[in-house]
Amino acid sequence: RDGGIIPMIPASRRTPQPDEALPLEIRHYGATEGSFSLYDDDGQSFDFERGRYDRTELSVSRSASGEMVGRTRKERSRVPTNYRDFTWVFMTR
């Protein structure tokens, strides 16, 4: 859909280890602004039921020059996240 945001990590057959850093490619599709709330937990326990999870807001907006700009903002950080390198890719030009 126009304005859609899809975060992508490399394919894997297992949950990342707690100290493993993963690159995160964030793809934006279309010509309109958009947002996405990225959820993350440890992937191994039920600690998320006690509030131990992370949430990051991903958003795309237009700059004053009309160019699309991607932004990340931590909304909640109660567990270390595995995502380290955020790379924005604008799929529609």
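# Exercises on side-chain contacts

Arginine 52 has a relative accessible area of 38% and counts as partly exposed. The exercises below use a predicted model.

**Exercise 1.** Find the salt-bridge partner of arginine 52, then work out which residues belong to the network around it.

*Solution.* 
- Step 1. The side chain of arginine 52 meets that of aspartate 47 in a salt bridge, with 4.0 Å from N to O.
- Step 2. Aspartate 47 also forms a salt bridge with arginine 50, at 2.4 Å from N to O.
- Step 3. Asp47, Arg50 and Arg52 are therefore linked in a network of salt bridges.
- Step 4. Side chains of opposite charge can pair when their charged atoms come close.

**Exercise 2.** Describe the aromatic pair of tyrosine 39 and tyrosine 53, and state which parts of the chain the pair ties together.

*Solution.* 
- Step 1. A search of the whole structure finds three aromatic pairs.
- Step 2. In the pair of tyrosine 39 and tyrosine 53, the centres are 5.2 Å apart and the planes stand at 35°, a tilted arrangement.
- Step 3. Tyrosine 39 lies in strand β3 and tyrosine 53 in the loop between β3 and β4, so the pair ties together parts that are 14 residues apart in sequence.
- Step 4. Tyrosine 53 is buried, at 18% relative accessible area, whereas tyrosine 39 is partly exposed at 34%.
- Step 5. The rings of phenylalanine 46 and phenylalanine 48 also form a tilted pair, because their centres are 6.2 Å apart and their planes are at 45°.

**Exercise 3.** Which residues form a nonpolar patch on the surface, and how much accessible area do they have together?

*Solution.* 
- Step 1. A residue needs over 30% relative accessible area to be part of a patch.
- Step 2. Phenylalanine 46 has 57% and is exposed; phenylalanine 48 has 33% and is partly exposed.
- Step 3. Tyrosine 39, in strand β3 (residues 34-40), has 34% relative accessibility.
- Step 4. Tyr39, Phe46 and Phe48 form the patch, with about 310 Å² of accessible area together.

Note on methods. Residues are numbered from 1 along each chain as its sequence is written. This is a predicted model: local features need pLDDT of at least 70, side-chain atom pairs count only at pLDDT 80 or more; totals for chains, interfaces and linings use all residues. Side-chain values use heavy atoms; hydrogens and water are left out. Patches are made of residues with over 30% relative accessible area and no salt bridge: like charges are joined within 9 Å, nonpolar side chains (Val, Leu, Ile, Met, Phe, Trp, Tyr) within 5 Å. Accessible areas come from the Shrake-Rupley method with a 1.4 Å probe; for residues, only the protein chains shown count as cover. Helices (H or I, at least four residues) and strands (E, at least two) are DSSP runs, numbered from the N terminus. Buried means under 20% relative accessible area, exposed over 50%, partly exposed in between (1.4 Å probe, protein chains only). Rings of Phe, Tyr and Trp (its six-membered ring) pair if their centres lie within 6.5 Å; planes under 30 degrees apart count as stacked, over 60 as edge-to-face and the rest as tilted.
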